[in-house]
Amino acid sequence: MLSRVILGGTDLSVSPLCYGTNMLGWMIDQPRSNAIFDTFAAHGGNFIDTARSYGDWMPDAPAGASERAVGAWLKTRKREDFVIATKGGFFDLRKGDYRNRCTPEDVAQDLQQSLDHLGIETIDLYFLHMDNEDAPVEVIVDALVQHQEAGRIRHFAASNWSAERIKAANTYAASIDKPGFVASETFWGLAVPDTAAAAQQGYVHYYEGEYEGVHAAGLPVLAYAAQSGGYFTKRAKGADLGDQLTARYANPVNDARLAAASALADRHGVSINEVVLAYLTNQPDQTVPIFGGSSPEQVTESVKAAALTLSAAELAQLHAA
């Protein structure tokens, strides 16, 4: 069974692994989604991540397909048993609105839609899905504090924000005696990306070289792309990587990291996927991987990573490769 940890300075008691739902409600139907959630919950998982925009890239899917899938399943459970994270302020993919929507007005609209889709009164952890660097942090933080005080969200956080903007926002929040961003949802996994290729695919602000300072200062990191798209597992099996995964991760550093991960998997008698996720769960500063899985069996395999302890030397072996 997965244990519970308190997320940073919040009152949120969460499982050490978070299930990411970007495939649900459009690629994966409701019955299959329910089976995945049931399995995650049966293993002690209670932390679920979604976003207002997930699924909106499919014209024939309902708006907010992922949130709706989460909400439909949540109705079968006790709401207080689960920590729900969602994100807003992203492009409106359904309307083809690609202006920057990280504004108080757009976030308010997205937040209300997320509450409706999820069928809940309060979102436990609300992320801004992107930053608007043309907007002063004061304006954005003030808007989020208003939603918090109105009871629509319990805590707020940042996704795809630079470390410097997070620090600026939290400095302002402290000046008005508010908690500010309580976490960062950050692009991070064992595989080191080609930053240009990753950015073309929408993956920006990779953890290494930018977030170590704010992380060590106490800001929890929820790592998205935590399994690096299955890059190492697929490589080990000789599976087709596809053009996007190849462009994002095929480089000599990851060749060496694959060898290191394979060696550790053999040493511990576990899968490479478990090593990849355990690389994050064993970081010295609080890190919660957001993992994916399109079947109950994949969920069961991934949650095993929480039981794998890697030493500092083993983490260094993986990172130095």
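This is a predicted model: local features need pLDDT of at least 70, side-chain atom pairs count only at pLDDT 80 or more; totals for chains, interfaces and linings use all residues.
1. Helix 1 (residues 30-42) and helix 12 (residues 296-303) have axes that come within 8 Å and cross at roughly 25°. Because angles under 35 degrees count as roughly parallel, helix 1 is roughly parallel to helix 12. The crossing of helix 1 and helix 12 is right-handed.

2. Which residues in helix 1 and helix 12 meet? Helix 1 brings A35, I36, T39 and F40, and helix 12 brings P296, V299, T300 and V303. By class, the residues of this contact of helix 1 with helix 12 are six nonpolar and two polar, with no charged.

3. Helix 11 (residues 272-281) packs on helix 13 (residues 312-320) at an angle of about 110°, and their axes are 11 Å apart. An angle of 65 to 115 degrees counts as roughly perpendicular, and helix 11 and helix 13 are therefore roughly perpendicular to each other.

4. On the helix 11 side, the contact is made by V275, A278 and Y279; on the helix 13 side, by L315, L318 and H319. Five of the residues in the contact of helix 11 with helix 13 are nonpolar and one is polar, with no charged.

5. T103 lies in the loop between strand 5 (83-88) and helix 3 (104-118). Is T103 buried or exposed? Its relative accessible area is 19%, and since buried means under 20%, T103 counts as buried. The side chain of T103 is joined to that of D106 by a polar contact of 2.8 Å.

Technical notes
Residues are numbered from 1 along each chain as its sequence is written. Side-chain values use heavy atoms; hydrogens and water are left out. Axes are lines fitted to C-alpha atoms, for helices over the stretch in contact, and angles run from 0 to 180 degrees between N-to-C directions. Helices (H or I, at least four residues) and strands (E, at least two) are DSSP runs, numbered from the N terminus. Angles under 35 degrees count as roughly parallel, over 145 as roughly antiparallel, 65 to 115 as roughly perpendicular and the rest as oblique. A crossing is left-handed if the near helix is turned anticlockwise from the far one by less than a right angle, and right-handed if clockwise. Contact means heavy atoms within 4.5 Å. Ala, Val, Leu, Ile, Met, Phe, Trp, Tyr, Cys and Pro count as nonpolar, Asp, Glu, Lys and Arg as charged, and the others, Gly among them, as polar. Buried means under 20% relative accessible area, exposed over 50%, partly exposed in between (1.4 Å probe, protein chains only). A polar contact is a pair of N or O atoms within 3.5 Å; within protein, one must be able to donate a hydrogen and the other to accept it, and residues adjacent in sequence count only if both atoms are side-chain atoms.
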